[in-house]
Each structure stands twice: as C-alpha cells, then as structure tokens.
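Let's walk through this structure together, one piece at a time.

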Amino acid sequence: MEKYNITGMSCAACSARVEKAVEKLDGVTQCSVNLLTNSMMVEGTATEQEIIAAVNAAGYGAEKSGAEKESSKKDYSTQDTQLKLLKARLISSVVFLSVLMYFSMGGMLFGLTYPGIFKDNLIAIGIMQMLLSAIVMVINQKFFISAYKSLSHRAPNMDVLVSMGSLASFLYSVYALFAMTDDHMHGNHGVMHSYMHEFYFESAAMILTLITVGKMLESYSKGKTTNAIKSLMDLAPKTATVIRDGKELVIAANDVVVGDIFIITPGKSIPADGVVIEGSSCVNESALTGESLPVDKNIGDKVSAATVNQSGFLKCRATGVGEDTTLSKIVQMVSDAAATKAPIAKIADKVSGVFVPVVIVIAFVTTIVWLLCGESFGFALARGICVLVISCPCALGLATPVAIMVGNGVGAKGGILFKNSTALEQTGRIKAIALDKTGTITKGEPHVTDIVVMDGFEEDELLRIAYSLEKNSEHPLAKAVTKKCIEKEIVPYAIEDFSSLTGSGVRGIIDDVEVRGGNLRLMGESIYVEDSIVAEIEKFSAEGKTPLIFSKGDKLVGLIAAADVVKEDSFTAVEQLKKLGIKVIMLTGDNKRTAEAIGKQVGVDEVVSDVLPDGKEEAITKLKKHGIVAMVGDGINDAPALTSADVGIAIGAGTDIAIESADIVLTKSTLVDVVKAVKLSRATLKNIRENLFWAFFYNVIGIPLAAGVWIPINGWKLNPMFGAAAMSLSSVCVVVNALRLNFFKVNERKEVKQMESILKIEGMMCPHCEARVKNALEAVAGVTEAIVSHEKGEAIVKGDAIVKGDAAIDDLKKIVEAQGYKVL
C-alpha cells in the first residue's frame, strides 16, 4: 500500500469525500483515509498522478509520503501549529465579539451610553455592528471557504450549516440597516428604533465564535498519538562494533550489512538482527516481546535489534539490517496501523448531509410561499431568514464536543486519560477486549510465590543459602529471591569463589562446602534429584512459575518458585468486563502452559500464547469479527496492536511508546480502570444522544414556527431575534445537559466482602504438604489467598467470588482431596 498526506480535511464528511473520490479510480482496490493523521493508504495499480488529481478534484490537497525516517517523522508530526492558529482565531473572535455585544446589547439591555459620534446615532451604531461582525467573519473565513468547496462538490459538511446561519443573520441585518438608513433619509425618524431589533450582527459573529470553541475542544481531544513513531525509531543503537579484516571497528549502526560479524558486550544494545556464532548470555527482549524475564542465548540462537545483552559476551552474524530488522518491522506496523485506522464518523456529520439541504429548501420554499400569498418581499425574506437563524447548527455542532470535553475532564480526575474524542466514543461500544499479560494482568516482575524445604533443613537455612548466592546476580529471578530475603531480614553467609553459570544458575563456597542454585539441569550434574521433586518442579512450571533449586554439597536444600504474579484486581476487572457483555482475551508471548495457567487464574474467555508483535496485531484483526475491539498493554511490543485496535489502552506503568500509541492512558495502572473507562464512555454516549435529540427536537418544533406555519391559525409570528434567542437557548441546554456528566462517579468503589472459609485437613505432615495444598487452592479463580498450616491441620481460604455457599466449599474439598489429603 502507498501512503499519501492529505490537507484541507476538517470533519468526517471530508475524509469520506476523499475516500469516495479515490475509490472511483480504475485500479484502486482499497482506500483508507485517516482524519486523525491526515493520511491516506491506497492499494492498487492507479498511478500517483491519478490519485493526487482525484484528491485535488475533490477539493483537497495530496502528496505522496516519503519512506525515509525524517520524512516519516514529518508525516506524523503533531498539529501544534494548527492548534496555535485556532487559538489565535478564537481569541481575536472573542475580542471583536465583546465590542460588538457592547454596541448591540449595551444600550438596549443595560442602558449604557455610547461615546462620540455613536451617541444617539443609530446609523453609526448599525454601521459599527456591521463592521465588527464582518471582521469576525473574515477572521473565521475558513468556515466559508470550506463550505463553498463542499457545496461545489455536492458534499455539504458541517461548515455549510455554520456559514449559512452566520451569513443569513448578517445579510438580514444589512438589509435592516439599509432600510433604516432609507427611512432616515426620508425623514421617518420615528421608526428607526424599531430597526435596532432587526439587527442580528451579533448572532452572525456568535455562531462562528461558538463553533470555533467546539473546533478547539475537538483539536485538544485528538492528543499526540503519532509521537509513537518517533519514539520507536529512537530505540535502535546509533553505533555498532564489527569485525572486518580481523579488526574491531566502531561504525554507525546504519552501516551494518548482512553478513557482518558484530560483537556485543554486557549492557550494550544489539544493532541488528543476527544469529549467535560465539559466546552465551542472557538477553533482555522486553523491548520487542514485553516479557520481563531475559532469554538465554547460545550458539545458533537468534538475536534482534534494540534488545539488550545483560551478562555475557556475544559474537553474532548479521542477518537482518535496516528495514529488515524486527524493530523496523514494528515501526512499519505501527505506521501502517495508524494510517489505515478508520476514524469514527461524527453523528452530526452523518445527518448534516440531509439536514443542510433540507433546511435550505425549507427556507427557500418559505420565502416563495409567502410571496405567492401576497406578502411583501421583506416579510417573506424575514420568514426565510428566520428559518435559517433558528436552525442554526450551534446545538448540533456542540452536542458531541461539549459532552466529550466534560467526559474527558471527569475521566482525567479519575486517572483515565482519553487522548481523542474517537476513543471516548468507541470505548462504550467495545465488544471484545484483548489484555496483554506481562505488566497488565500481572505485576510485570517476578515475585517469590512458593518455598519448599527438604527434610533435614529449615526455611531460614534455605533462604540464607539462596540469599548468599543470588545477591551477587543481576538476573530478575535473583532479584526476586533477594527481595524476599530482605523482607524476612535474612542474614547471608560469607561466600567465596562465586561464579555465574550462564543459562544454568550460580555457585559458590560457604564454609568450604559448595553451594549451588539454579535449574534442574545444573542440579542434575552434581546431585540426585528424586522423582517426587522433579514432579514438584514440573507442577510449578505448569502453573507458570519458575522453580530455583538450591543444594549444599551433595544434598538438596529446597526449592524457591518465582513468578510474575497476577495483580490483586485483575480477576475482579475481568469479571466486571464480562458482566458488561465484553469478550475478554489474553495475549502473551509466553508459552502455552504458562499462559493458560494465568488465564485460568483470572477467568478470561480465551488465551492466545506464543505471539510476537505481528501475531498480536493479527489476533486483533481476527477479533474484529465480534465488533469494536480494544487492546490493553504496556510494552513496546504492544504498540502495533494498540494502534491497530479500534481503542488502544495503555497502563500508566507501561513504556512511553505504548502510552504514545494508545488512545487511552490509565495513570493508576489498574485494570479496574478499564471497566470505569467503558462505563464513562457509555454515559457520555448516552449524553451525546440526548444532546442530539434535543438539537433535532428543537428544530422540529422551531422551524415550522419560524416559517410562519401558525400565522394563519392563531397569528403566531416569530421575529428573527427570538429565533436567534431560541438558537442560543438550545446551545445552553446542550451544555447544561453535558455538565451532568460531572456527577458520574469514576472512583466510586463498591465494597467487596472478602469471604473466608476454614478447611480442616488431615494428612499434611510437612511444609512440602503445605505448599501442595496452598498452590492447588490459590490456582482457583476468585481465591485471593490460602493460608495453610500442617501443624494446625487447616487451610484458611480467602476470596471475593468463589468461597460462597456449600457448593463452592464442596469444590474446594475436591481440589484438596485431589492432592491426596482428606478434608474433615
């Protein structure tokens, strides 16, 4: 697909117009226009010249986007310049509108006096109002230009409504001013004051100013989503150390070619995709996979650009450079997803295509009918203009952005940040939601979950040995063990001859006895591990935990299992999302066994494991068959999926790139806020529908009154001034209704009663038995904690969803008895 930058679009009707114009070309198989990024993706055989000509013919500008980095940064730059121009336009409009209101309302409503030549000079006051109104119209000429273009291409948009309302008020006022001047010239001074009530110059200016406010709110709501592209590009290292002609050379990373041999020392980022030909190490791949644990790399294993070598020395052969690296592919995926993401069509823009021509026709017919009925041209014209004034689109234009602005403010107070109006609208319509595992459902770093002590040893002895070994290691699992020992105030032994065995574990000497800590492969080299222990290790692995085995001499001391534990509120959040009718899916790069263990624990509907960034994006695409899809993540690897989803949600503890790619940011990093975001969005959508209903209901009642339908029946005749007042009232009603959203309680928490059951258990003989029962019970969804004691022969089970009633207790009994123990 080829990408183009589009200029001149102001609303969803514009993007739809561009799409239709390009799709009509021969050879175009697919066209997608993104209003947010002002870009267009086109697939097919049509030439660049044909595509640009079609866009130009539709009234907009187009140019092909460059492929190089600098051009991409330019393509996805923020809209600060446009926002500054909009601010300047609004400030200027308000300044001149304030002066205009002084001349139009100051004397009649507040008894203010006018200076100099304006004192008792109604014509001078009228001319000043006309000039001030004209100035505001010139300042906001963009509305008129856009309206002219849209009408000339038979595709009316919101700007047509704005321009017609303003221009009608201005022209009618000019007519009244000339009529007043004519009476003055003929000596009819007594009727001049009556013409002052026929001036609606302030309405002409007010319409433009209010709509500019709406445009300003919309501009603010768009956010800075496109900054993610630049952040991704900056991940790759700037330099690389390669071996050429037997010498080590430091060159620019961009100069690495396929086949180059490059070396990576500990702590350095990998400059290109490659394969290890010498050395071994642990590589942190969180930049690509989002997973917290480093991956062991040995000869023959693949490495990726932008990942970090943590411990050992690596020599690699480059297999992918430049645009062929995994990182570059992620950048491309984010870029393409941003460009092809279809914007939500605003409800007001959808109806404006019908509403605008209907109002124009009604106004024209009204004027003609009254002329045919024998009324004067002035009377007939006043009725037609009154129709245009009362059907002014202020309420229609403000219905959506004002509600969204209030909804955004309420969300921000509760730690839910909507980056654009599309996100706020779409969130309430979510049918499926994909959750990243690491850092989203789980805490994102390993914690000690189980401690199993072998016969003949005490727990303190195991922890002292583990602390002595692991405090010298930088591995995340070692840090988890060290943290646990510090919490228990364990004092380490003095250790000698410490060494790290890459990919296996650590070893050292304590009191002339060798101690080891690591995986089963390391232990199998020096001691015999019983089948029951191997089974326990496999059980831990099946639960998504990583067991560390510790030995002293030729004896096994015990096991310490660590895992990236589930956040306390993840189960509650998933349960509430399902109650809202949303399908919940977990996406992760972890293996299937680990992923399913976590998925079962939190109660998701579906688990998708072993996926890289492109796999996550593909999964999002498949989920769209259910309807609108949301993605919740925190890692760089989530960026393509976050952008591809209809709604991307980043938790606050995530990477900057995930946050930049998302449409919503949860500052408190809790999944429960996803539920709150959905509820807030639904409340906002309901408010918008109410606003639009009022806007149209008001027009249904007001337009017939303005057209003079009731004059023959009961003599009701609407003066354009009251039509303008009704227009203003409709806007006030919309704003007041939107302010009701402030009563939405984002942080309202319902107290969840923690149920607690005590099971009396027979047959537990040691801490090993305790661990088996504890692990079995805590694997049950809804159980938050199980406190097991073999001395007391009991298990205290706590939870907010499972431990309810006799049926649930029976389920817990079966789980314990399945482990070989008896529940009394």
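Start with the open sheet: 6 strands in the order β16-β21-β20-β19-β18-β17, with antiparallel pairing. Two strands pair here if DSSP finds at least two bridges between them. At the edges sit β16 (442-453) and β17 (496-501), each pairing on one side only. From one strand to the next, the twist averages 15°.

Bear in mind that this is a predicted model, where local features need pLDDT of at least 70, side-chain atom pairs count only at pLDDT 80 or more, and totals for chains, interfaces and linings use all residues. Residues are numbered from 1 along each chain as its sequence is written, and side-chain values use heavy atoms, with hydrogens and water left out.

Now zoom in on β20 (residues 546-552) and β21 (residues 555-566), which pair in the antiparallel sense over 7 bridges. Ile549, for instance, has Leu559 in β21 as its bridge partner. Helix α21 (residues 531-542) lies across β16, β20 and β21, and runs at about 10° to β21. Helices (H or I, at least four residues) and strands (E, at least two) are DSSP runs, numbered from the N terminus.

Next, look at α22 (residues 570-579) and α27 (residues 672-707): their axes come within 8 Å and cross at roughly 25°. Axes are lines fitted to C-alpha atoms, for helices over the stretch in contact, and angles run from 0 to 180 degrees between N-to-C directions. Ala573, Gln576 and Leu577 of α22 meet Val672, Val674 and Val675 of α27, contact meaning heavy atoms within 4.5 Å.
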